[in-house]
Amino acid sequence: MNYCLEVKNISKVFPGVRALSDVSIGFYPGEFHALVGENGAGKSTLIKIISGVYTPTEGEVFLNGAALNAQNPKQALDKGIAVIHQELSIANDLTVAENIFLGDEPKTPDGFFLDRKKMNEMAQEAIDSMGVRINAKAVASSLTAAQQQMVEIAKVITKNAKVVIMDEPTSSLSEHEIEALFMQIMMLKKNNVAVIYISHRLNELFITGDRVTVMRDGGKVTELLIKDTTEKEIVSNMVGREMKDYYMHTAHTRGKEMLRVEGLSVPCLFENISFTAYAGEVLGFYGLIGAGRTEVMETIFGARKAAAGSIYLHGKKTNFASPRDAIAANIGFVTEDRRRTGLMLNCMLKENVVLPSLAQHSKKGFLDFKWEAVISEEYIGKLKVKTWGINAIINTLSGGNQQKIILAKWLIANSNILILDEPTRGIDVNAKAEFYALMDDFVKQGGCIICVSSEMPEILGVSDRILVMREGKLSGILNRDEANEQNIIELASLQSQ
Ligand SMILES: Nc1ncnc2c1ncn2[C@@H]1O[C@H](COP(=O)(O)OP(=O)(O)OP(=O)(O)O)[C@@H](O)[C@H]1O
Ligand SMILES: [Mg+2]
């Protein structure tokens, strides 16, 4: 069989960084070929070269044996290469249907006018076929991160491409949506489409995977057949050594009450939420996507207004008018959507990490620049952020490394309550283990963590207690020793009696 897509001897050098060195990979039609590697290994850069976002410093891309040399994404798409990039490219002001057909909208029979009715119908059909409930006429900004991701997926699936590339499509999806995605991937394979797939969730590779290429530090380490390999073998190739035991939960001692929430409600989002979070504990928040967990956190943080209920901080009734007040009260919030609410993308790494601490470390309005440099270096080291230095612009860091910067900034800010919303999304296995250890430290020093996560192993691994939400309501709180996958899922999904 011949490759339908081949990259040959690709290198890419950015000022000061060699992102790829001499990478050659062949992709077969009808195969699911995964690309894996630690944060900053060069996966997204390779995808951007294939799809014409970047030109390679050396090497070439071939499509069906002919040089492709796409100068821009439109050229690549016209030749049959459709891509979902790691960072969503949804146009917020457009509707779902407009997003799906952006650039090739269906026209009326005379070929002049946009056939809006047809466009909406086709978009709705594509979405329905994925088994998710999204209205094609809804404005994209009104969708959750997961729904936006499903729209991106619908977009590539409707393109009739020969090569479909997905860079971490599942990082914001729940089980149900992931299942729907894999149904689509199997259809693509049946239609002889080459699927190139990037993910840090290695178990996904075994669903319908054929082949995996492991990358490390910009180079190709090995190529394996999925049927002949294991998750363990893949991981040791990724990190270049045997992985030690993954995260181990250590015993925490519960301290005094930090945050108490009573009867918190926002109409249509969540209702009557009450819980207490203590110093020295990780309180996990589990639920299916759409259960209302993020909205509860946003309300506590002062980003939304509660219609009813009260919030007590250290036993005193509080009402944050805005996130600024919450930050001043030493609450940190790692949001689930880093591009929208977590980072100043065009600013330097060091400027981002000190942002919530500016007030504490400025004198007469001037930031202590020495401290800024020292603390930035310290956390780059602690979190193993891959970058050429603290002056790097955030936008040029790999996705997972951007996520590490968001974590760093709240750890630096001396928060004593940390709200983490899907904190390890897009972070590689090795870095995850390190991050869990940092959470552990934080709690041992008397901090309180509220951790929203849709990943079962993560919730079970890090939490001292697990609070489960279903459709905007609290459905139960379990202690660590009584919680297991089954009772958590039951609480998260059973219909109310
Ligand atoms: N536009 C750019 N300018 C400078 N350096 C860049 C740019 N884009 C990527 N890099 C660097 O190239 C390297 C590879 O990054 P890339 O985004 O390809 O990693 P990745 O494997 O996709 O990682 P992740 O799993 O975190 O998404 C990183 O060191 C990154 O900082
Ligand atoms: Mg990437």
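In this predicted model, ligand 1 lies between domain 1 (5-239) and domain 2 (257-493), because both domains give residues to the shell around it. That shell holds 20 residues, and the closest to ligand 1 are Ala 19, Asn 39, Ser 44, Ser 398 and Gly 400. Three elements each supply at least two residues of the shell: β2 (17-27), α1 (43-50) and α14 (399-412). By residue class, the shell around ligand 1 divides into 13 polar, five nonpolar and two charged residues.

The two domains come from the domain assignment of the protein chain. Their centres, taken over C-alpha atoms, are separated by 29 Å. Domain 1 brings 19 residues to the contact and domain 2 brings 21. On the side of domain 1 that touches domain 2, α5 (145-157) and α8 (231-239) each supply at least two residues. The residues of this side of domain 1 divide into ten polar, six nonpolar and three charged.

Two packed helices are described by the angle between their axes and the distance between the axes. For α14 and α15 (residues 429-444), the axes come within 12 Å and cross at roughly 10°. Angles under 35 degrees count as roughly parallel, so α14 is roughly parallel to α15. From α14, the contact is made by Gly 400, Lys 404, Leu 407 and Leu 411, and from α15 by Ala 431, Phe 435, Leu 438 and Phe 442. These residues divide into six nonpolar, one polar and one charged.

Definitions and conventions. Residues are numbered from 1 along each chain as its sequence is written. Chains are lettered from A and ligands numbered from 1 in the order in which they are written. This is a predicted model: local features need pLDDT of at least 70, side-chain atom pairs count only at pLDDT 80 or more; totals for chains, interfaces and linings use all residues. Domain bounds come from an automatic or database domain assignment. Two residues are in contact if their C-beta atoms, placed from the backbone, lie within 7 Å. Helices (H or I, at least four residues) and strands (E, at least two) are DSSP runs, numbered from the N terminus. Ala, Val, Leu, Ile, Met, Phe, Trp, Tyr, Cys and Pro count as nonpolar, Asp, Glu, Lys and Arg as charged, and the others, Gly among them, as polar. A residue is near a molecule or strand if its C-beta atom, placed from the backbone, lies within 6 Å of it. Axes are lines fitted to C-alpha atoms, for helices over the stretch in contact, and angles run from 0 to 180 degrees between N-to-C directions. Angles under 35 degrees count as roughly parallel, over 145 as roughly antiparallel, 65 to 115 as roughly perpendicular and the rest as oblique.
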